[in-house]
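Reader: I would like to learn how to read a structure of this kind step by step, starting from the fold and ending with single residues. Could you take me through it?

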Amino acid sequence: MSFLNGLTILLIYQLVGEVTVLYLELAVPGPVMGMILLFVTLLIRHKTPESLDTAASTLLSHLSLLFIPAGVGMMVHFERIGNEWLPISIAIILSAVITFVATALIMLGCNRLLGKSGGHDAH
Amino acid sequence: MPTETSDLSTIWVYLAASPLVGLTITMVAYSLAYRLYVWANHSPLLNPVATSVITLIAFLMLTDTSYEAYFEGGQFVHFLLGPATVALAIPLYQQFSKLKKVWLPVTIAILSGVTIGALSSVYIARLFGASLQTQLSLAPKSVTAPVAMGISEKIGGLPSLTAVLVVITGILGATFGTKILALLGINDDSIKGIAMGVTAHGIGTARAFHVSAEMGAFSGLAMALSAFTTAVILPWLITVLGL
């Protein structure tokens, strides 16, 4: 029952998120709004109900599974991907490397500037 | 009365139109792919999303099944991306005390990472001659699928193409991300997690949890924040830059 209760809470927050976004005409997707609302709720309540913990860790431990149906959608786009495979591949690979390295270096730089380099303080 | 030849094919025609087949093959493909991944000591080269997707596409093409027919069943799995996005609030909350200490570097890193990620993909694709629709579909490629599809639709890309590009980006990030950072000599799990989540969303986060709980939590956090940030700033950026 624990998992079902937790899943129900997640669905309710997603639904409230969707309604909020539609009602306020926000550019944020519904599930993201649901996540923010749940996060705020947890901050106020100061604890996570066990059922919610169970449902969340079950869903998140196999997060990869959830991306499979979207990935299979590649077969619909074989023609476009075939025609534009070069720009698409270069853009994805280069941009992924750039994003990865830039994000890591910027965070490292900020940590150093603020004097908090991972674990050992430089006093 | 079914004739002898039509027996199996009638059953197939009936089953192929029901969600049962699409859902079952998704689960079977994933559990096999996941076993393979565990068997190979979580080698990122055997990312379970990549192996499942390849197996499923091969199966669908061999059986001459359309993606629409497959998705009748696949949608049940796909749908869970929504609740899973909401569920990210929990690791976020559990790591909140750690996060509070580094909120400034995290915020700056995520804001710049999101902008760099979106613009670099658009401009590189343009430089190498991709069509405008492809460029726009690439822009939200580092964001988790359900959010990226929503953004893609808003800015004039193709949501279903975006979903595919999101998955490919995630697989690439999960496969090579930790190696790239090791080359740069970065070993801090919080930094690795943030870079992973900003670049490779949920697929990268799944990978990050295999490295350490801390990297997983930071990756989940970065994935959630970058989904939110991209959803807010990308449509605006596209308009301002006249893309």
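Predicted model: local features only at pLDDT ≥ 70, side-chain atom pairs only at ≥ 80, totals over all residues.

Reader: What pattern does chain B follow when it is read along the sequence?

Author: Read along the sequence, chain B follows the pattern α-α-α-α-α-α-α-α-α-α-α-α-α, and the count is 13 helices and zero strands. The C-alpha trace of chain B spans about 70 × 45 × 30 Å along its principal axes, and 52% of its 243 residues count as buried. Among the contacts in chain B with a separation of 6 or more, 62% are between residues 24 or more positions apart.

Reader: How is chain A divided into domains?

Author: Chain A is divided into domain 1, residues 1-66, and domain 2, residues 68-123. Taken over C-alpha atoms, the centres of these two domains of chain A are separated by 26 Å.

Reader: How many residues of chain A are in contact with chain B, and how many of chain B are in contact with chain A?

Author: The contact involves 66 residues of chain A and 88 residues of chain B. On the side of chain A that touches chain B, the elements giving two or more residues are α1, α2, α3, α4, α5 and α7 of chain A, and α7(A) gives the most, with 23 residues.

Reader: Which residues touch the most other members of the largest nonpolar core?

Author: The general idea is that in soluble globular proteins nonpolar side chains tend to be buried together. Here the largest nonpolar core has 109 residues, of which I68(A), A87(B), A89(B), V167(B), I194(B) and A224(B) touch the most other members. Helix α13 of chain B, residues 213-240, provides the largest share of this core, with 13 residues. A224(B), not counting residues up to four places away in sequence, touches M35(A), L88(B) and L92(B).

Reader: At what angle do the axes of α10(B) and α13(B) cross, and within what distance do they come?

Author: The axes of α10(B), residues 145-155, and α13(B) come within 10 Å and cross at roughly 10°. Angles under 35 degrees count as roughly parallel, and α10(B) is therefore roughly parallel to α13(B). In this pairing, V147(B), I151(B), K154(B) and I155(B) of α10(B) meet A227(B), T230(B), A231(B), L234(B), P235(B) and I238(B) of α13(B). The residues of this contact divide into eight nonpolar, one polar and one charged.

Reader: Is V143(B) buried or exposed?

Author: V143(B), in the loop between α9 and α10 of chain B, counts as buried because it has 32 C-beta neighbours inside 10 Å, where 20 or more are required. Leaving aside neighbours within four places in sequence, V143(B) is in contact with A148(B), I151(B), V166(B), H201(B), S226(B), A227(B) and T230(B).

Reader: What is the phi of H201(B), and what is the phi of D64(B)?

Author: H201(B) has a positive phi of about 35° although it is not a glycine, and D64(B), also not a glycine, has a positive phi of about 55°. H201(B) lies in helix α12 of chain B, residues 189-211, whereas D64(B) lies in the loop between α3 and α4 of chain B. H201(B) is buried, with 33 other C-beta atoms within 10 Å, while D64(B) is exposed, with 8 other C-beta atoms within 10 Å.

Technical notes
Residues numbered from 1 in each chain as written. Chains lettered and ligands numbered in written order. Core = buried A, V, L, I, M, F, W, Y, C linked by C-beta atoms within 7 Å. Buried ≥ 20, exposed ≤ 12 C-beta atoms within 10 Å, placed from the backbone. Helix = DSSP H or I, 4+ residues; strand = E, 2+ residues; numbered from the N terminus. Contact = placed C-beta atoms within 7 Å. Domains from an automatic or database assignment. Axes fitted to C-alpha atoms, helices over the stretch in contact; angles between N-to-C directions. Parallel < 35°, antiparallel > 145°, perpendicular 65-115°, else oblique. Nonpolar A, V, L, I, M, F, W, Y, C, P; charged D, E, K, R; others polar.
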